[in-house]
Amino acid sequence: MEWLRRLRHRTRDRWTRPVHTVGEEPDYRFSLANERTFLAWIRTALALLAGGVAVVQLVPTFSIGWARHLLGIALIVLAIAIAATSYARWERREHAIRLGAPLPPSQLPRLTGLGITVVMVFALAFVLVDVARGHR
Amino acid sequence: MSGPDGPRPHPTEQLDPGLQSERTYLAWQRTGLGFAGVGALLLHNAFDGHFVLVIPGLLALLAAALLTTRAQLRYRATVAAVHLGRSPADRRVVAATAVLTTVLCLTGLAVILLL
């Protein structure tokens, strides 16, 4: 049962240990910049959420019935992906800053760019279909 | 006013030419306003007949109130920490914000799927 005790100890450590115990006190400006980057991602998630809700609730129907829901769900799923990973990203970077290590790479900018591009292409396609069918 | 750790710094004190703590304070304010915007959008739609939207709407407005009021306290704490040579990083505030945003996004998705 030794391994179980050690595992429990480690998980408890991970949650109770403040970020402050790893490495050394960094330049506070780096920590604040990391915090602002975290907040910028949170705002991005909020904007995507607002866009997703608005496209379903405020935009008039396309001739393709499910078009608004497809766009809205895609936007909100992207928002969830950003919001759910935001804390881990902040902590990883805080660790790296404290250890003086290079910042860990992140796939999120690529994923966000790709996701928004796909949504925009679909939105354009839906509008063009409407125009071709003389829907409006 | 003087505490055990020395004089308490004035919150508007300039710490560096980059005004890092003030910019961070403003970033918290902006994020709070973002929550308020989402809350207003959800409540606006709630009054158009989709009453389920009241729940995420109020959640977002609550988050907005929490963030904008906490921002001021956080600013003071940051200035104090920097003066004492400590790191201003606070994982609980960051974790709480991340959880609130994730929950709000999830309720947003649920609401869209239900309507």
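**Exercise 1. Pro26(A)**

Task: Decide whether Pro26(A) is buried or exposed in this predicted model, and find what it contacts.

Solution. 
- Step 1. Take the accessibility. Pro26(A) has a relative accessibility of 16%.
- Step 2. Apply the cut-off. Buried means under 20%. Pro26(A) therefore counts as buried.
- Step 3. Pro26(A) sits in the loop between α1 and α2 of chain A.
- Step 4. List the contacts, leaving aside neighbours within four places in sequence. They are Ser31(A), Ile97(A), Arg98(A) and Ser87(B).
- Step 5. Check the sequence distance to Gly100(A). Pro26(A) and Gly100(A) are 74 residues apart in sequence, yet their C-alpha atoms are 8.1 Å apart in space.

**Exercise 2. The fold of chain A**

Task: Describe the elements of chain A and their order.

Solution. 
- Step 1. Count the elements. Chain A has 4 helices and 0 strands.
- Step 2. Read them from the N terminus. The order is α-α-α-α.
- Step 3. Look at burial. Chain A has 136 residues, and 39% of them count as buried.
- Step 4. Look at contacts with a separation of 6 or more. In chain A, 74% of these join residues 24 or more positions apart.

**Exercise 3. Helix α4 of chain A**

Task: Then find which of its residues are buried.

Solution. 
- Step 1. List the buried residues. In α4(A) they are Leu108(A), Thr112(A), Gly115(A), Val119(A), Phe126(A) and Asp130(A).
- Step 2. Recall the helix repeat. An α-helix has 3.6 residues a turn, so residues three or four places apart point the same way.
- Step 3. Find the cover. The buried residues of α4(A) are covered by elements including α2 and α3 of chain A.
- Step 4. See what follows the helix. Gly134(A) comes after α4(A), with a positive phi near 60°.

**Exercise 4. The interface of chains A and B**

Task: Characterise the contact between chain A and chain B by residues, area and class.

Solution. 
- Step 1. Count residues. Chain A gives 42 and chain B gives 43.
- Step 2. Take the area. The two chains bury about 3,600 Å² between them, with 71% of it on carbon and sulfur atoms.
- Step 3. Name the main contributors. Tyr28(A), Arg36(A) and Leu46(A) supply 18% of the area that chain A buries against chain B, more than any other three residues.
- Step 4. Count polar links. Between chain A and chain B there are 10 residue pairs in polar contact.
- Step 5. Assign the chain A side to helices. α1 (2-16), α2 (28-57) and α3 (67-99) each supply at least two residues. α2(A) gives the most, with 19 residues.
- Step 6. Sort that side by class. It has 26 nonpolar, 6 polar and 10 charged residues.

**Exercise 5. Salt bridges**

Task: Find the salt bridges that cross between chain A and chain B, and contrast them with pairs inside one chain.

Solution. 
- Step 1. Take the totals. The structure holds 5 salt bridges over all chains. Across the interface of chain A and chain B there are 2.
- Step 2. Name one pair. Glu35(A) meets Arg74(B) at 2.5 Å, N to O.
- Step 3. Name another. Glu91(A) meets Arg91(B) at 2.2 Å, N to O. Glu91(A) lies in helix α3 of chain A and Arg91(B) in helix α3 of chain B, so the pair joins two chains.
- Step 4. Check burial. Both Glu91(A) and Arg91(B) are buried.
- Step 5. Turn to chain A. Asp27(A) pairs with Arg29(A), with the closest N and O atoms 2.8 Å apart. Asp27(A) is partly exposed at 26%, and Arg29(A) is partly exposed at 38%.
- Step 6. Turn to chain B. Asp90(B) and Arg92(B) form a salt bridge at 4.0 Å, N to O. Arg92(B) is exposed, with a relative accessible area of 66%.

**Exercise 6. Thr97(B)**

Task: Account for the surroundings of Thr97(B).

Solution. 
- Step 1. Thr97(B) is in helix α3 (residues 91-114) of chain B.
- Step 2. Judge burial. Its relative accessible area is 3%, so Thr97(B) is buried.
- Step 3. Find a polar partner. A polar side-chain atom of Thr97(B) lies 2.7 Å from the backbone oxygen of Val93(B).
- Step 4. List contacts beyond four places in sequence. Thr97(B) touches Phe38(A), Ile42(A), Trp28(B) and Leu67(B).

Terms used. Residues numbered from 1 in each chain as written. Chains lettered and ligands numbered in written order. Predicted model: local features only at pLDDT ≥ 70, side-chain atom pairs only at ≥ 80, totals over all residues. Heavy atoms only, no water. Contact = heavy atoms within 4.5 Å. Buried area = accessible area lost by both parts, 1.4 Å probe. Salt bridge = Lys/Arg side-chain N within 4 Å of Asp/Glu carboxyl O. Polar contact = N/O pair within 3.5 Å; in protein donor to acceptor, adjacent residues only side chain to side chain. Nonpolar A, V, L, I, M, F, W, Y, C, P; charged D, E, K, R; others polar. Buried < 20%, exposed > 50% of the residue type's maximum accessible area, 1.4 Å probe, protein only.
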